[in-house]
Amino acid sequence: MRRPARGSLKRRPALAAVAVIGALALAGCGGSDSDSDSDSAASGAELSVDAAYIPQPVSDSMAAGFLTITNEGGTADELTSVTSEAGEVTVHETVEGTMKEVDRLEVPAHGQLVFKSGGNHLMFEKLKRQPKQGQSVAVELHFAHSDPVTVKMPVKAATYQPTTGDSGHTEDSGH
């Protein structure tokens, strides 16, 4: 067996140390970036939409829409507007049986904003055409801090009543 020269024995540990330090530095950089990303994701709003539907409207020009916005994140957000190619959409809240249009509604951290018959709801006005059962209407939900969310709202029978579980989501949510 051939013995390595004396100088190369000294260089190997030094090279190994440089390689280990370099790898740790790179891992540290990657770790801190991904940690900060996950921290911001964990502390931000994490929005999803479920249980969306529109009862088939009896009017040619108006309809109501219902859905549930769930926020699994650690920060509240606000629904600020809803847009649709179907017509104008406004957000209404119902307090003590009185309906009023609002500019925004809170989506609480680790909570839900529920739009249901007799409660908060979307109002579609100046419809370009009356949505029919079996069709769907696309809406875009706009938030104060989160990116917009596009949702297809199926048109159900005018008498449709969702079956709700403990979460407030319908069993027929389309997901």
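The exercises below, each with a worked solution, concern the predicted model shown above.

Residues are numbered from 1 along each chain as its sequence is written. Because the model is predicted, local features need pLDDT of at least 70 and side-chain atom pairs count only at pLDDT 80 or more, whereas totals for chains, interfaces and linings use all residues; side-chain values use heavy atoms, with hydrogens and water left out.

**Exercise 1. Overall architecture**

State how many helices and strands the protein has, and in which pattern they follow one another along the sequence.

Solution. Begin with the assignment, in which helices (H or I, at least four residues) and strands (E, at least two) are DSSP runs numbered from the N terminus. On this basis there are one helix and 10 strands, and the order along the sequence is α-β-β-β-β-β-β-β-β-β-β. Next, take burial, where buried means under 20% relative accessible area, exposed over 50%, and partly exposed in between, with a 1.4 Å probe and protein chains only. Of the 175 residues in the protein, 33% are buried. Finally, count contacts, meaning heavy atoms within 4.5 Å: among those with a separation of 6 or more, 69% join residues 24 or more positions apart.

**Exercise 2. The surroundings of His121**

Is His121 buried or exposed, and which residues is it in contact with beyond its neighbours within four places in sequence?

Solution. First place the residue: His121 lies in strand β8 (residues 121–125). His121 has a relative accessible area of 8%, and is therefore buried. Its side chain reaches the backbone oxygen of Gly119 at 2.9 Å, a polar contact being a pair of N or O atoms within 3.5 Å in which, within protein, one must be able to donate a hydrogen and the other to accept it, and residues adjacent in sequence count only if both atoms are side-chain atoms. Leaving aside neighbours within four places in sequence, His121 is in contact with Gly65, Phe66, Thr90, Val91, His92, Thr94, Met99 and Phe115.

**Exercise 3. Loop residues**

Describe the setting of His110, Gly118 and Lys126.

Solution. His110, in the loop between β6 (105–107) and β7, has a phi near 55 degrees, a positive value in a residue other than glycine, and is exposed because its relative accessibility is 61%. Gly118, in the loop between β7 and β8, is exposed at 73%, and its C-alpha atom is separated by 9.7 Å from that of Val95, 23 residues apart along the chain.

**Exercise 4. The segment after β10**

Find how far apart Pro162 and Tyr53 are in sequence and in space.

Solution. Pro162 lies in the segment after β10 (149–156) and is partly exposed, with a relative accessible area of 24%. Pro162 and Tyr53 are 109 residues apart in sequence, and their C-alpha atoms are 9.2 Å apart in space.
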